[in-house]
Amino acid sequence: QTETEKAWTWGPFNQRAMLLNGLSYHQQQKYPEAISAYQTAQHYHPNDGHDALASVYAALGKWDLAVNHYRAECNLYPKLPDTWLNLIHTYEQLEQIDNATNIAKQALEQGIRSAELMMRAGHLFQLQNNLEKALEAYGQAQQLDPQNPVVFNNIGAILVRQKKYPEAEKAYLQALQLQPDYSRVYHNLGDLYASMGDTTKALKAYAMFIQAWQGNPRFAKLAEQKINALKNTAPK
């Protein structure tokens, strides 16, 4: 903050000093000052700083203003995946899933190669029960980030909903191959094997989940309930 303010008094004017000044205020959570600095920079350079200004409005929960500036940034620089992701997140905060999905579609139409963007799009398609589009998006994410176990877990979840159980099992096992302590996958495998009627594998998967899980204890208790239910219904 101090150095950027000094920079205004030296040499030819450069709006980037004001953008850096706005960032310094943002990092200090001095949001009104950050907004003022970014708006001053845009007075001299209207096509710069929309994403930065939007992020301040988002931090303040002023989602509509954040949307306006993220949209402006996307229109000016349509090949930047982070801005599209920020805009999608903003619509999600507004609980406008249809708008978030439409933005994801627009971003994909720009030909942006981003695994994170593909993952977000897949999740939105999944929420809308568009399983084919979700699987397509996750598949592209997997091509871009083949070492990401979350991608394979998500693919497995879609395949389960499509009742493609052998393919789902393969996807889950690929996720575990990449991350052997990925607890959520063990729970998903337990559900899958239970649906397939393979009680032995289901019990083992749920037990592995309980062993690996480090989150909310209620999920471990849920797995224990599923184990007890399977034991009670298993042939004697």
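Predicted model: local features only at pLDDT ≥ 70, side-chain atom pairs only at ≥ 80, totals over all residues.

Helix α6 covers residues 81-93, and because 13 residues at 1.5 Å each should span 18 Å, the separation of 18 Å between its end C-alpha atoms agrees with expectation. Within α6, the buried residues are Thr83, Trp84, Leu85, Leu87, Ile88, Thr90, Tyr91 and Glu92, and the buried residues of this helix pack against α4 (50-59), α5 (63-76), α7 (97-109) and α8. α6 is followed by Glu95, whose phi is positive, near 60°.

In soluble globular proteins, nonpolar side chains tend to be buried together. Here the largest nonpolar core has 62 residues, and those with the most contacts inside it are Leu87, Ile88, Ile155, Val185 and Leu189. Setting aside neighbours within four places in sequence, Ile88 is in contact with Ala100, Ile103, Ala104, Leu117, Arg120 and Leu124.

Side chains of opposite charge can pair when their charged atoms come close. The structure holds five salt bridges, one of which joins Arg120 and Glu92 at 2.8 Å, N to O. This pair links distant parts of the chain, with Arg120 in helix α8 and Glu92 in helix α6, 28 residues apart. Glu92 counts as buried because its relative accessibility is 17%, whereas Arg120, at 29%, counts as partly exposed.

A salt bridge between Glu169 and Lys201, at 3.9 Å from N to O, also links distant parts of the chain, since Glu169 lies in helix α11 (residues 165-178) and Lys201 in helix α13 (residues 199-212), 32 residues apart. Glu169 is buried, with a relative accessible area of 17%, while Lys201 counts as partly exposed at 39%. Lys133 and Glu136, by contrast, both lie in helix α9 (residues 131-144), three residues apart, about one turn of the helix, and the closest N and O atoms of their salt bridge are 3.9 Å apart.

Finally, Gln126 lies in helix α8 (residues 115-127) and counts as buried because its relative accessibility is 18%. Not counting residues up to four places away in sequence, Gln126 touches Ala134, Tyr138, Ala157, Ile158 and Arg161.

Key
Residues numbered from 1 in each chain as written. Heavy atoms only, no water. Helix = DSSP H or I, 4+ residues; strand = E, 2+ residues; numbered from the N terminus. Buried < 20%, exposed > 50% of the residue type's maximum accessible area, 1.4 Å probe, protein only. Contact = heavy atoms within 4.5 Å. Core = buried A, V, L, I, M, F, W, Y, C linked by side-chain atoms within 4.5 Å. Expected span 1.5 Å × (residues − 1). Salt bridge = Lys/Arg side-chain N within 4 Å of Asp/Glu carboxyl O.
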